[in-house]
Amino acid sequence: MGPIHRLRGLLRRGERRLARELGAFGVVGAACFLVDLGLFQLLYAHLDAGAVTAKLVAGVVSTSLAFLGHRFWSFSRRARTGLPREYSLFALVNVATLLLSLGIVALVRYPLGQESAVVLQAANVVAIAVGTVVRFVVYRRWVFPAGVADRPGRPSAEVTTGRL
């Protein structure tokens with residue numbers, strides 16, 4: 001078996017791993033997306049919470065559920081760098097994307113004067129879509145990094161990266 005054949009095998013395994021992670025990320029994301037939308041709608045349209053407050057609560061709840069899904073399923077075969085480090089970075093990334101979401105909803109609600117739940121939900125959907133792309137890239141690169149435990153056929157194990 002020559003080096004070209006080995007390289008092709010590595011690329012195929014890498015493609016399968018990316019497809020698996022992307023698929024699991026999509027399922028977890030879709031479930032948390034529905035939680036976010038449903039909770040936002042319930043709080044804003046039915047319980048008379050303010051738009052930004054509703055977005056904040058919906059975002060915190062869906063983000064917490066997403067961490068569990070991504071750590072234990074989407075990126076379960078990647079190296080473990082420790083729960084405190086992973087959760088801290090996960091929280092930091094999600095705070096940044098939550099602030100982006102809050103900013104978009106606040107912009108639509110206040111300076112643009114929109115009060116319609118449909119218009120605000122559309123702003124919410126746009127904010128979620130932008131945040132989703134950012135989160136996938138950052139999770140793969142920094143929150144749940146590849147490492148020796150990430151080789152096919154090997155279980156995940158604790159590793160120390162020495163960096164945040």
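Let me start with a term: buried means under 20% relative accessible area, exposed means over 50%, and partly exposed is in between, with a 1.4 Å probe and protein chains only. By that scale Val134 is partly exposed, with a relative accessible area of 39%. I will return to Val134 with the surface patch.

Some ground rules. This is a predicted model, where local features need pLDDT of at least 70 and side-chain atom pairs count only at pLDDT 80 or more, while totals for chains, interfaces and linings use all residues. Residues are numbered from 1 along each chain as its sequence is written, and side-chain values use heavy atoms, with hydrogens and water left out.

The fold, then. The chain has four helices and zero strands, and from the N terminus on the elements run α-α-α-α. Helices here are DSSP runs of H or I with at least four residues, strands are runs of E with at least two, and both are numbered from the N terminus. Of the 164 residues of the chain, 36% count as buried.

Next, the pocket. The largest pocket has a volume of about 330 Å³. The search uses a 1 Å grid over the protein atoms alone: a pocket is an open set of points where a 1.4 Å probe fits, with protein on both sides within 12 Å along at least five of seven lines, and lining residues have an atom within 4 Å of a point. Grid points are joined across faces, edges and corners, and the volume is the space filled by probe spheres set on the points.

Which residues lie nearest the centre of the largest pocket? They are Cys32, Ser62, Ile128, Thr132 and Arg135, out of 20 lining residues. The elements that give two or more residues to this lining are helix H1 (3-46), helix H2 (51-74), helix H3 (83-109) and helix H4 (117-143). By class, the lining has eight nonpolar, nine polar and three charged residues. In that count Ala, Val, Leu, Ile, Met, Phe, Trp, Tyr, Cys and Pro are nonpolar, Asp, Glu, Lys and Arg are charged, and the others, Gly among them, are polar.

On to charge pairs. A salt bridge is a side-chain nitrogen of Lys or Arg within 4 Å of a carboxyl oxygen of Asp or Glu. By this rule there are six salt bridges.

One of them joins Lys55 and Asp36, at 3.0 Å from N to O. Lys55 sits in helix H2 and Asp36 in helix H1, 19 residues apart, and the pair links distant parts of the chain. Are these two residues buried or exposed? Lys55 counts as buried because its relative accessibility is 2%, and Asp36 counts as buried because its own value is 5%.

Glu86 and Arg80 also meet in a salt bridge, at 3.8 Å from N to O. Glu86 is buried at 0% relative accessibility, and Arg80 is buried at 9%.

The bridge between Glu115 and Arg109 has its closest N and O atoms 3.4 Å apart. Here Glu115 is exposed, with a relative accessible area of 54%, whereas Arg109 is buried, at 19%. Finally, Glu21, Arg78 and Arg140 are linked in a network of salt bridges.

Back to Val134, which lies in helix H4. Together with Leu100, Val126 and Val130, Val134 forms a nonpolar patch on the surface, with about 290 Å² of accessible area in total. Patches are made of residues with over 30% relative accessible area and no salt bridge; nonpolar side chains (Val, Leu, Ile, Met, Phe, Trp, Tyr) are joined within 5 Å, like charges within 9 Å. The areas come from the Shrake-Rupley method with a 1.4 Å probe, and for residues only the protein chains shown count as cover. H4 supplies the largest share of the patch, three residues.

Last, a few single positions. Asp48 lies in the loop between H1 and H2. Its phi is near 60°, a positive value in a residue other than glycine, and Asp48 is exposed, with a relative accessible area of 69%.

Ser116 is in the loop between H3 and H4 and is partly exposed, at 32%.

Gly59 lies in helix H2 and is buried, with a relative accessible area of 3%. From C-alpha to C-alpha, Gly59 and Phe33 are 9.3 Å apart in space and 26 residues apart in sequence.
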